[in-house]
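Here are my notes on the model you sent. Please read them with the structure open.

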Amino acid sequence: MALPQVTPAAHADPRSPAAIEAWQQSTSVRLQADGSLSDVLAVASGDVWAVGQQEIWDVWKNRGTIRHWDGSRWSEVAIRDATAAGNLRSLAAAGPSDVWAVGDSHDGLPYLAHGDVTGFDRIRPQGLRSGDWLGGVDAKGTKVVAVGSREKRGLVLTGQSGAWTVQQLKDKGALYAVAGGFAVGDTGTEPLIAHNSGGTWKAMPLPSIPGGYLRDIQTDNAKRAVAVGGVYRGPGDISPLVLVWNGKRWKRQTLPVTGARLYGVTGDGKGRYWMTGYDPDRAAEPFVARCEKGTCSIIRGGADKGRSMVRLQAVTYLAGKGAVWAVGHAVDTSDRYTDVVESFAPKTTAASTARTSS
């Protein structure tokens, strides 16, 4: 993929002059035809991970993929398992050689994999059943937490030192992401956030938002977190949803673009957040919302020739670089999917971020 040139239209929305970051470039990890990236994670500037799927329209050929950026190129990381992984949705890392991924398999069970740059092995925790679904994972120290659903109720899988436990929430719904003791999703009619207190996960009180749902969360600490998603009011009628945690309650925050779809969120741990998705009104341009101290601005990327839509599914912050990378897919005018990696950085920073691997 050719690298588009940065143009004035590719910088921060002129209606938001306070924005610091600007779009830098668009690249690809070069998945097979009809591929998409679902999540991205930066351990360091030369240690970035991404997961997704290839041949997304073929239920039998569809397979998950794990990619790694070493500072100069993307490479595919082996998944050592006789049963091929399906769509991989989420990543977490407790350290450089301690990376986890979750998603689907082709045998009806959720797929949980653990590994490093030398390869990943499938982990089969006791307690999981056929029909269980996992959407998000978090890891810290010796503890890993994966969330999803079982029989239309929230599901939490916890592993520590090789032992696994499964908890099914009392609340209906599904959980899509987990971070720092919070898990987010929806009940089918309203947003759902569960919190781990004393080893038990329970739903938290939230503002009443009919049609609301949540898909990702960034947790800075016990007193500061941000969850993102949307509010569905009917076909084509979706507005963004941002909920902010202040240590006591969840409050709703508004965005300057009312029709954006939000899928991912990351932060610098100091109260600055980046949210990704896409804006149907300018669907061919990569979309990021940047929020700090209750004020949000919009950053847009360049519209690459031949693209009809760019959907950014996830975003990660590169500590020490002041930059963020977002991943997802682009759709061309023939409805073919291509994975994308979009980078955003301070305007004074050269576009020295990820370049397409050869």
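The points below cover the basis of the model, the sheets, the aromatic contacts, the disulfide and some backbone angles.

1. Basis. This is a predicted model, in which local features need pLDDT of at least 70, side-chain atom pairs count only at pLDDT 80 or more, and totals for chains, interfaces and linings use all residues. Residues are numbered from 1 along each chain as its sequence is written, and side-chain values use heavy atoms, with hydrogens and water left out.

2. Sheet S15 to S18. Four strands make an open sheet in the order S15-S16-S17-S18, with antiparallel pairing. The edges are strand S15 (174–179) and strand S18 (200–203); each has a single partner strand, so one side of each is left without a neighbour in the sheet. From one strand to the next the twist averages 25 degrees. Strands here are DSSP E runs of at least two residues, numbered from the N terminus, and two of them pair if DSSP finds at least two bridges between them. Aspartate 186 has proline 191 in S17 as its bridge partner.

3. Sheet S19 to S22. Another open sheet has four strands in the order S19-S20-S21-S22, and its pairing is antiparallel. Strand S19 (212–221) and strand S22 (250–253) stand at the edges with a single partner strand each, so one side of each is left without a neighbour in the sheet. The twist averages 25 degrees from one strand to the next. S19 pairs with strand S20 (residues 224–234) in the antiparallel sense, over eight bridges. Tyrosine 213 is found opposite glycine 230 in S20.

4. Hairpin of S13 and S14. Strand S13 (residues 153–160) pairs with strand S14 (residues 163–172) over seven bridges, in the antiparallel sense. Glycine 159 has tryptophan 164 in S14 as its bridge partner. Two residues lie between the strands of this hairpin, and serine 161 takes a positive phi near 55 degrees.

5. Aromatic pairs. How many aromatic pairs does a search of the whole structure find? The search gives 10 aromatic pairs. Phenylalanine 182 and tryptophan 250 are an edge-to-face pair, 5.8 Å centre to centre with 90 degrees between the planes. This pair links distant parts of the chain, with phenylalanine 182 in strand S16 and tryptophan 250 in strand S22, 68 residues apart. Rings of Phe, Tyr and Trp (its six-membered ring) pair if their centres lie within 6.5 Å; planes under 30 degrees apart count as stacked, over 60 as edge-to-face and the rest as tilted. Phenylalanine 182 is buried, at 2% relative accessible area, and tryptophan 250 is buried at 4%. Tryptophan 250 also forms a tilted pair with tryptophan 245, at 5.4 Å centre to centre and 40 degrees between the planes. Tryptophan 245 is buried too. Buried means under 20% relative accessible area, exposed over 50%, and partly exposed in between (1.4 Å probe, protein chains only).

6. Other aromatic contacts. Trp69, Trp74 and Trp325 form one aromatic cluster. Arginine 215 lies over the face of tyrosine 176, 3.7 Å from the ring centre. A charge sits over a ring if NZ of Lys or CZ of Arg is within 6 Å of the ring centre and within 35 degrees of the ring normal.

7. Disulfide. One disulfide is found in a search of the whole structure. Cysteine 291 and cysteine 296 form a disulfide with their sulfur atoms 2.0 Å apart; the cut-off is a pair of cysteine sulfur atoms within 2.5 Å. The torsion about the S-S bond of cysteine 291 and cysteine 296 is about 110 degrees, so the disulfide is right-handed. Cysteine 291 is buried, with a relative accessible area of 3%, and cysteine 296 is buried at 13%.

8. Positive phi at two lysines. Most residues other than glycine have a negative phi. Lysine 293 has a positive phi near 55 degrees; this lysine 293 is in the loop between strand S25 (287–292) and strand S26 (295–300). Lysine 293 is exposed, with a relative accessible area of 80%. Lysine 152, not a glycine either, has a positive phi of about 65 degrees. Lysine 152 is in the loop between strand S12 (143–150) and S13, and is exposed at 72% relative accessible area.

Notes: Axes are lines fitted to C-alpha atoms, for helices over the stretch in contact, and angles run from 0 to 180 degrees between N-to-C directions.
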